Amino acid sequence: MSEKKEPGVWDGFKAFLMRGNVVDLAVAVVIGAAFTNIVNAVVKGIINPLVGAIGTKNLDHYSSCLSSTCEGEQGIQILWGTVLGAALSFVITAAVVYFLMVLPMAKYLARVEARRKAKEGAQEVIEVSELEVLKEIRDALVAQRGSGHNQQ
């Protein structure tokens, strides 16, 4: 009466860690964190001054006041410049990730898949031609046997 032992929590955890997508996700998080500094520098050093050419150089200073007075910490301010800066950072990050990482990887994977399909197609042609040659040999042997039986 031996009972099958279910895998333990530790075994499940090890299996989870060994899946490829967990490692890929960890690498993506680390690269994303490092990449954030570059994007923030581009936004603060290039985008903000370009947008600031029509006003202040710091997007955080763009705001609207909802109350009658907005001096210092008093009043209700909508900091739409901060939101605009964050949106620009997001768009730049998404564009760089897409054009420098996703698009080249997709093209590479498409080329690899095309090569694999071409190789499979060539393999099928070889297999079909070998099969046809073997059938011709068989037919020739059968024909030879048949003619040999008639001569005896």
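Is Met-101 buried or exposed, or does it count as partly exposed? Met-101 is partly exposed, because its relative accessible area is 40%, and the class covers values between buried (under 20%) and exposed (over 50%), found with a 1.4 Å probe and protein chains only. Met-101 belongs to helix 3.

The model is predicted, so local features need pLDDT of at least 70 and side-chain atom pairs count only at pLDDT 80 or more, while totals for chains, interfaces and linings use all residues. Residues are numbered from 1 along each chain as its sequence is written, and side-chain values use heavy atoms, with hydrogens and water left out. The predictor's confidence in each residue, pLDDT, runs from 0 to 100. Its mean for the protein is 78, and 86% of the residues reach 70 or more. Confidence is lowest in helix 2, with a mean of 78, and highest in strand 2 (residues 77-78), at 82. Helices (H or I, at least four residues) and strands (E, at least two) are DSSP runs, numbered from the N terminus. Where pLDDT is low, the predicted coordinates should not be read in detail.

The UniProt record, an unreviewed entry, lists residues 21-43 and 78-101 under "transmembrane region". Its positions are given in the numbering used here, feature names are shortened, and annotations may be inferred rather than shown by experiment. In the model, residues 21-43 are 100% helix and 0% strand, with 31 Å between the end C-alpha atoms. Residues 78-101 are 92% helix and 4% strand, and their end C-alpha atoms lie 36 Å apart.

A nonpolar patch on the surface is formed by Val-23, Val-27, Ile-31, Tyr-98, Phe-99, Leu-100, Met-101 and Val-102, which together have about 770 Å² of accessible area. Helix 2 (20-51) and helix 3 (80-151) are the elements that give two or more residues to this patch. Helix 3 supplies the largest share, 5 residues. Patches are made of residues with over 30% relative accessible area and no salt bridge; nonpolar side chains (Val, Leu, Ile, Met, Phe, Trp, Tyr) are joined within 5 Å, and like charges within 9 Å. The accessible areas come from the Shrake-Rupley method with a 1.4 Å probe, and for residues only the protein chains shown count as cover.

The whole structure holds 2 aromatic pairs. The pair of Trp-10 and Phe-13 is tilted, because the ring centres are 5.9 Å apart and the planes stand at 35°. These two residues are 3 residues apart in helix 1 (residues 9-18), so about one helical turn separates Trp-10 from Phe-13. Tyr-98 and Phe-99 form an edge-to-face pair, because their planes stand at 80°, with the centres 5.1 Å apart. Rings of Phe, Tyr and Trp (its six-membered ring) pair if their centres lie within 6.5 Å; planes under 30 degrees apart count as stacked, over 60 as edge-to-face and the rest as tilted. Tyr-98 is partly exposed at 39%, whereas Phe-99 is exposed at 52%.

Charged side chains complete the picture. The search finds 2 salt bridges in the whole structure, each defined as a side-chain nitrogen of Lys or Arg within 4 Å of a carboxyl oxygen of Asp or Glu. In one, the closest N and O atoms of Arg-116 and Glu-113 are 2.3 Å apart. Arg-116 and Glu-113 are 3 residues apart in helix 3, so they are separated by about one helical turn. Another salt bridge joins Asp-139 and Arg-138, at 3.1 Å from N to O.
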